[in-house]
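Take a moment to turn the model around on your screen. Then let's walk through a few places in it together.

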Amino acid sequence: MQRALDCPWEKWTVFLHPEQRQLVERDYSGPARVSGTAGTGKTVVALHRAAVLVRANPEARVLLTTFSDTLANALQAKLKWLLSNEPRLAERIDVYSLEAIGLRLYKSRVGAVSVASREQIRSLIDAASQVVGGHKFSLHFLFTEWEQVVDSWQLKGWEAYRDVARLGRKTRLPEAQRKVLWSIFERVQVGLKALNLVTMSEVFTILAVKVAESDKVIFDHAIVDEAQDIGVAHLRFLAAIGDGRPNALFFAGDLGQRIFQQPFSWKSLGVDVRGRSRTLRINYRTSHQIRLQADRLLGPTVTDVDGITEDRNDTVSVFNGPQPTVEVLKTISDEVKTVSNWMRARTQNGFLPHEFGVFVRSVAQVGRASQAVQAAGLPFKVLDEHVDTESGFVSIGTMHLAKGLEFRAVVVMACDDDVIPLQGRIETVGDDADLQEVYDTERHLLYVACTRARDDLVVTGVEPASEFLDDLNMSR
């Protein structure tokens, strides 16, 4: 373990703990899933699983996928390191985001497609809402109801919408209100058709049917990282790829890090991982001190819709590090100075620029992070969906982009009272149960950002600070 910790950073990021090798090499009679808290090596298990499958099956093609291009690029870089001595194996592993592989396969099997942007859909919903009138539904509510229920489940008629189980959408809707809503969404569907546009959920739903009808196996195996954030249509597509074959589907994820998707039943879509679901217990990527503090943000157990419970209490970290720091400053300039001094001190102790990650809640706070890194005299890159981490540069990004990344040292800045939980999200909620969902996902975001750190973590904010810091700061 110590030799692994002393390795160059790139080699460390693909280190597989011996305790986890059995999960990588095991034969599974159906879909399988590994879960575990941040730092337990789920991504590395997924990477090694891909390598094991192509070694064992000389003709096999493996899809290694996740929900964003940024994470797919990170997987590709790690796979390159893992198979640096076996480049021919890497040729049989296709690494794509789900959207990228979906569009690629759709084009080859169905034809050219134009995907509606969120802005186009929002505009259609707004126009339909005004035409229908006589209701009090906000544009935000309509848009999320469309995304999380109507489009996600590809509901095409009033009866389907009336009867759908709105898991994760806690706002109670009498049938009369649902009828008003459906009259709006029906107009949106007509509008999309008139513009010859489809949604990504529709792409995957159509593709799932095409794959299921074909006699040809597209991928012998599909491995999905950050599986807690895949959607309904994604899973339908993956179920079609797997087609019930042994070892065909392998998922890695953590319900405690779900920040993009509402919960839904995997079993109802033909992906039943009961009996083939394992929780990783050994945390070897985050120090004991960071893990203990970050875990205070979440509950001790998490249960999915199909009744599989993940117990987070018995995770064990295998190395120690400095106690994380939580600092609440009086002004933004004080925060910038504190963070820059913290980074400068670690640079003097041998930390390299690309071993730092600096994260904020949203784009509005990126400027604060940039000021701090500049004041520390370090070069940096601001991450987005198209900009990846780069050697020689500090990575600055939003908490959403932190998913799947890992750094020796992490700064989480701008944890102010109106920033996290994000005030804009709270103001759009009209039901107490939906408010709880907002608070839960905001906590998950902070947890994700904090657990990107291996050795060192500092969390900062300006008075009045986020209420979440009361849980995070054990000294309070």
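This is a predicted model: local features need pLDDT of at least 70, side-chain atom pairs count only at pLDDT 80 or more; totals for chains, interfaces and linings use all residues.

Residues are numbered from 1 along each chain as its sequence is written, and side-chain values use heavy atoms, leaving out hydrogens and water.

Start with helix α12 (residues 200-213) and helix α13 (residues 232-242), whose axes lie 8 Å apart at an angle of about 15°. Helices here are DSSP runs of H or I with at least four residues, strands are E runs of at least two, and both are numbered from the N terminus. Axes are lines fitted to C-alpha atoms, for helices over the stretch in contact, and angles run from 0 to 180 degrees between N-to-C directions. The two helices are therefore roughly parallel (an angle under 35 degrees). Who meets whom?

Now find helix α5 (residues 69-82), which has 14 residues. Its buried residues include Leu71, Leu75 and Leu79 (buried means under 20% relative accessible area, with a 1.4 Å probe and protein chains only). The buried residues of α5 pack against α4, β2, β3 and β4.

Last stop: Asp456, in strand β16 (residues 453-462). Is Asp456 buried or exposed? Asp456 is buried, at 7% relative accessible area. Not counting residues up to four places away in sequence, Asp456 touches Trp342, Arg346 and Arg408, among others.

Technical notes: Angles under 35 degrees count as roughly parallel, over 145 as roughly antiparallel, 65 to 115 as roughly perpendicular and the rest as oblique. The expected span of a helix is 1.5 Å times one less than its number of residues. Buried means under 20% relative accessible area, exposed over 50%, partly exposed in between (1.4 Å probe, protein chains only). Contact means heavy atoms within 4.5 Å.
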